[in-house]
Amino acid sequence: MIITSAEYIKSFPSIKGFDLPELSAIAFIGRSNAGKSSLINHLLNRKKLVKTSSTPGKTQLLNFFLINKAFYFVDLPGYGFANVPVEVKMGWQAMIQDFLRLYPHLRLIVQLMDLRHPPTREDQEFYHLLSENRWPSLVVANKSDKVKNNSLKRSLTAMQSCLHLRKPPLMHSALKKTGKEAIWEDIKDHLQRD
Ligand code: GDP
């Protein structure tokens, strides 16, 4: 994918009561620290367009980036709520579910996981939310550089069977800068669907 422009547009605290952008959108979500910011920056050939996500529990916003003046990337606040009050977790859930249910331009949700570990309970819960609602999703297994070559296939198969995926997740490494072509193919495919 040739990126001619990528710019931060605006952040919204909620889908409700705001005039959200009207072009097709691809959303990104994952556990904090899985590498979501690094993945988006890699896809866009930018070093620091998306800043490292803040601690869960801080301001949680839907962050819109306009790509090639044609579609949006939406960086969703990450999950991973070991030390946050239950109200924060519930606020996050309501915000994300409203976004997924009510935002009509969403074409694909890219869910990022860490290939080094089996999907966490929250990874699994979020993936099941997507699949139960038949929202189009793509699981990306990040930090593949941290897994030894002879264990890659096993780690991918474990992730696939844990989540009951039809296909293995797509591998990605922001460190080694590998795996983005296949992710772009999937994104382009969903942007072309109506
Ligand atoms: P986010 O919280 O999901 O947005 O995660 P970040 O993109 O900020 O990354 C969290 C940490 O993981 C940072 O220290 C990154 O440098 C590191 N990281 C992200 N992607 C990779 C990767 O593919 N391989 C390795 N080894 N580290 C990564």
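Are Phe71 and Trp184 buried or exposed? In this predicted model, Phe71 is buried, and Trp184 is buried as well.

The structure contains 13 aromatic pairs. One of them joins Phe71 to Trp184 in an edge-to-face arrangement, with 6.3 Å from centre to centre and 75 degrees between the planes. This pair links distant parts of the chain: Phe71 belongs to strand β4 (residues 71–75) and Trp184 to helix α5 (residues 180–192), 113 residues apart. Other rings form a cluster, in which ring pairs connect Phe12, Phe18, Phe64, Tyr72, Phe99 and Tyr103.

Trp184 also takes part in a contact between helices. On the side of α1, the residues involved are Leu39, His42 and Leu43, and they meet Lys180, Ile183, Trp184 and Ile187 in α5. By class, this contact of α1 with α5 comprises 5 nonpolar, 1 polar and 1 charged residues. Helix α1 spans residues 36–43, and its axis lies 10 Å from that of α5, at a packing angle of about 80 degrees. Because an angle of 65 to 115 degrees counts as roughly perpendicular, α1 is roughly perpendicular to α5.

Phe99, a member of the ring cluster, is also one of the buried residues of helix α2. This helix, residues 86–102, has 17 residues and reaches 24 Å from its first C-alpha to its last, close to the 24 Å expected at 1.5 Å a residue. Its buried residues are Trp92, Met95, Ile96, Asp98, Phe99 and Leu100. They pack against the strands β1 (6–12), β2 (25–30), β3 (62–67), β4 and β5 (106–114), and against helix α3 (121–132).

Strand β5 contains Val110. With a relative accessibility of 0%, Val110 counts as buried. Leaving aside residues up to four places away in sequence, Val110 touches Ile26, Ala27, Phe28, Ile29, Leu39, Leu138 and Val140. Among these contacts is Leu39, which also takes part in the meeting of α1 with α5. Val110 and Lys89 are 21 residues apart in sequence, and their C-alpha atoms are 20 Å apart in space.

Strand β5 is also a packing partner of the buried residues of α4, together with α3, β6 (137–142) and β7 (170–171). Helix α4 covers residues 149–163; these 15 residues reach 22 Å from the first C-alpha to the last, close to the 21 Å expected at 1.5 Å a residue. Which residues of α4 are buried? They are Ser151, Leu152, Ser155, Leu156, Met159, Gln160 and Leu163.

After α4 comes His164, whose phi is positive, near 60 degrees, although His164 is not a glycine. His164 is located in the loop between α4 and β7. At 64% relative accessibility, His164 counts as exposed.

Lys69 likewise has a positive phi, of about 50 degrees, without being a glycine. Its place is the loop between β3 and β4. Lys69 is exposed, with a relative accessible area of 59%.

Terms used:
Residues are numbered from 1 along each chain as its sequence is written. This is a predicted model: local features need pLDDT of at least 70, side-chain atom pairs count only at pLDDT 80 or more; totals for chains, interfaces and linings use all residues. Side-chain values use heavy atoms; hydrogens and water are left out. Rings of Phe, Tyr and Trp (its six-membered ring) pair if their centres lie within 6.5 Å; planes under 30 degrees apart count as stacked, over 60 as edge-to-face and the rest as tilted. Helices (H or I, at least four residues) and strands (E, at least two) are DSSP runs, numbered from the N terminus. Buried means under 20% relative accessible area, exposed over 50%, partly exposed in between (1.4 Å probe, protein chains only). The expected span of a helix is 1.5 Å times one less than its number of residues. Contact means heavy atoms within 4.5 Å. Axes are lines fitted to C-alpha atoms, for helices over the stretch in contact, and angles run from 0 to 180 degrees between N-to-C directions. Angles under 35 degrees count as roughly parallel, over 145 as roughly antiparallel, 65 to 115 as roughly perpendicular and the rest as oblique. Ala, Val, Leu, Ile, Met, Phe, Trp, Tyr, Cys and Pro count as nonpolar, Asp, Glu, Lys and Arg as charged, and the others, Gly among them, as polar.
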